[in-house]
Amino acid sequence: AVTGVQTCALPISWVVLGLRAHGDLAAARRVATALLKLQHTDGGFNYDPTLTVGGTDVTAISIQALKAVPLSNKAGSLKRNAVVAKAVAFLKAATVGGNHFEAWGDVDPNGTAYAIMGLQAAGQNTATYVAWLRSHLQSDGGIEAPWALGVGDRYVTAQGYLPLIGKTYVSLLAGK
């Protein structure tokens, strides 16, 4: 059972991915089932249990966690697929300019990177998002962040690397 973080989708998503990477599919399924219950009415997931709306990063990582775990029965798979579809709709509705996401009033390359991976894991076309992220590559090889104008930011670049090469946490777990 998941204890201590029952209402925080972010750590629960990471636990699902970690259990899946470790090969404990039974435990990953149990935790993923708990994650299903944390979706907000807007379709998103969030890291703060006091928030009632979803967030880009957490929704995207939750999609990946849910898609990383094959559920053991048809009913569970149908529920998971419905939750993922609603989360994808949330991300699409939160998209700015058809190609990126914003947070705290500024562009959000981190959230865009995570959203790309979540949408890819859900089978969505992410070409416009990837092009936007790629357009923020700087001459130093890093991805620019709002707080690092004209240069790459290590944290953003680390989060953006996988979607730039067409990978997600789900594809890595599958050995692809």
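Helix 6 (residues 127-134) and helix 7 pack at an angle of about 135°, their axes 10 Å apart. The two helices are therefore oblique to each other. This is a predicted model: local features need pLDDT of at least 70, side-chain atom pairs count only at pLDDT 80 or more, and totals for chains, interfaces and linings use all residues. Residues are numbered from 1 along each chain as its sequence is written, and side-chain values use heavy atoms, without hydrogens and water.

The crossing of helix 6 and helix 7 is left-handed. Helix 6 brings Val130, Leu133 and Arg134 to the contact; helix 7 brings Gly160, Pro163 and Leu164. Contact means heavy atoms within 4.5 Å.

The largest pocket has a volume of about 480 Å³. Of its 22 lining residues, Tyr47, Asp57, Ala103, Trp104 and Asp108 are the closest to its centre. Helix 3 (56-68), strand 1 (102-103), strand 2 (106-107), helix 5 (109-121) and helix 7 (154-164) each give two or more residues to this lining. Helix 3 supplies the largest share, 4 residues.

Residue classes at the two sites:

| Contact of helix 6 with helix 7 | 4 nonpolar residues | 1 polar residue | 1 charged residue |

Some terms need cut-offs. Angles under 35 degrees count as roughly parallel, over 145 as roughly antiparallel, 65 to 115 as roughly perpendicular and the rest as oblique. A pocket is an open set of points on a 1 Å grid where a 1.4 Å probe fits, with protein on both sides within 12 Å along at least five of seven lines; lining residues have an atom within 4 Å of a point. Helices (H or I, at least four residues) and strands (E, at least two) are DSSP runs.

Definitions and conventions:
Points joined across faces, edges and corners; volume = space filled by probe spheres on them. Axes fitted to C-alpha atoms, helices over the stretch in contact; angles between N-to-C directions. Left-handed = near helix turned anticlockwise from the far one by under 90°. Nonpolar A, V, L, I, M, F, W, Y, C, P; charged D, E, K, R; others polar.
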